[in-house]
Amino acid sequence: MQKTTLITVVLTLFVTLTSWAQFPAKPQLVKDPWTRTDLMAPASLAAMIKNSKGSKPIIFNIGVVENIKGARNMGGASEKENLERFKKALSSISKTSTVVVYCGCCPFERCPNIRPAFIALKAAGFKNGKLLNLPTNIKVDWINKGYPVEPKS
């Protein structure tokens, strides 16, 4: 009887563990509107900002965090009026421009600002629209690496 019970427990444990392995640890309920090619690495943007001879991207801070050097602060894009202001700003820019949006208030999966802003950017027809890859936050993924920020006033 003990041998049968042990086999049952082991089989139950095996089935449970293999079924858990089929699902991601953090299920994502909504598919992100960007692909990997839509993401810009922080080091790439920092190099573009520092390069005095190269063309500069147009950078929008669509969150409530520090401004990256040269960024236009739109405020949190989760707020309707800020999202409308962002869309209006986009309407005056050439569709061939490189436009980078970022927030960095929190990890991507919890950020209320990046999805509405990125969707607006793509809907406006920007072929070179990018989301700055700050998966943790601006402090960890940008500031702690010594990348350029606007001085606080």
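Two strands count as paired if DSSP finds at least two bridges between them. Helices (H or I, at least four residues) and strands (E, at least two) are DSSP runs, numbered from the N terminus.

A word on conventions: residues are numbered from 1 along each chain as its sequence is written, and side-chain values use heavy atoms, with hydrogens and water left out. Because the model is predicted, local features need pLDDT of at least 70 and side-chain atom pairs count only at pLDDT 80 or more, while totals for chains, interfaces and linings use all residues.

**The chain as a whole**

The chain holds five helices and five strands, and from the N terminus on the elements run α-β-α-β-β-α-β-α-β-α. Of its 153 residues, 37% count as buried, where buried means under 20% relative accessible area, exposed over 50% and partly exposed in between (1.4 Å probe, protein chains only). Among contacts (heavy atoms within 4.5 Å) with a separation of 6 or more, 66% are between residues 24 or more positions apart. The chain exposes about 9800 Å², of which carbon and sulfur atoms supply 60%; the areas come from the Shrake-Rupley method with a 1.4 Å probe, and for residues only the protein chains shown count as cover.

**Strand β4 and its partners**

Four of its five residues are buried, so β4 is largely enclosed by the rest of the structure. Four bridges join β2 to β4, and these two strands run parallel. β4 is also joined to β5 by four bridges, again in parallel. Val99 takes part on both sides: it is the bridge partner of Ile58, and it stands opposite Gly129 in β5. Thr98, in turn, stands opposite Asn128 in β5.

Ser97 lies in the loop between α3 (80-91) and β4. With 19% relative accessibility, Ser97 counts as buried. Leaving out residues up to four places away in sequence, Ser97 touches Ile58, Phe126 and Asn128.

**Helices against the sheet**

In helix α2 (residues 42-50), the buried residues are Pro42, Leu45, Ala46 and Ile49. They cover an arc of only 100° around the axis, which puts them on the same side of α2; the arc is that of the directions from the helix axis to the C-beta atoms.

The buried residues of α4 are Ile114, Arg115, Ala117, Phe118, Ala120 and Leu121, and they pack against α3, β4 and β5. After α4 comes Gly125, with a positive phi near 95°.

**Nonpolar cores**

A nonpolar core is a set of buried Ala, Val, Leu, Ile, Met, Phe, Trp, Tyr and Cys residues joined through side-chain atoms within 4.5 Å. The largest core has 24 residues, of which Phe60, Ile62, Phe86, Leu90, Val99, Val101 and Ile114 touch the most other members. The elements that give two or more residues to this core are β2, α3, β4 and α4 (114-123). Its largest share, five residues, comes from α4. Ile114, apart from its neighbours within four places in sequence, is in contact with Trp34, Ile62, Cys103, Phe108 and Leu131. Another core, of 15 residues, lies apart from the largest one and has among its members Ala46, Ile68, Val100 and Trp142.

**Cysteines**

A search of the whole structure finds zero disulfides, a disulfide being a pair of cysteine sulfur atoms within 2.5 Å. Two of the cysteines are compared below.

| Cysteine | Closest cysteine sulfur | Relative accessibility |
|---|---|---|
| Cys106 | Cys105, 3.3 Å | 12% |
| Cys111 | Cys103, 3.7 Å | 5% |

Cys106 is in no disulfide, and for Cys111 the sulfur in Cys103 is too far for a bond. Buried or exposed, then, is Cys111? At 5% relative accessibility, Cys111 counts as buried, and Cys106, at 12%, also counts as buried.
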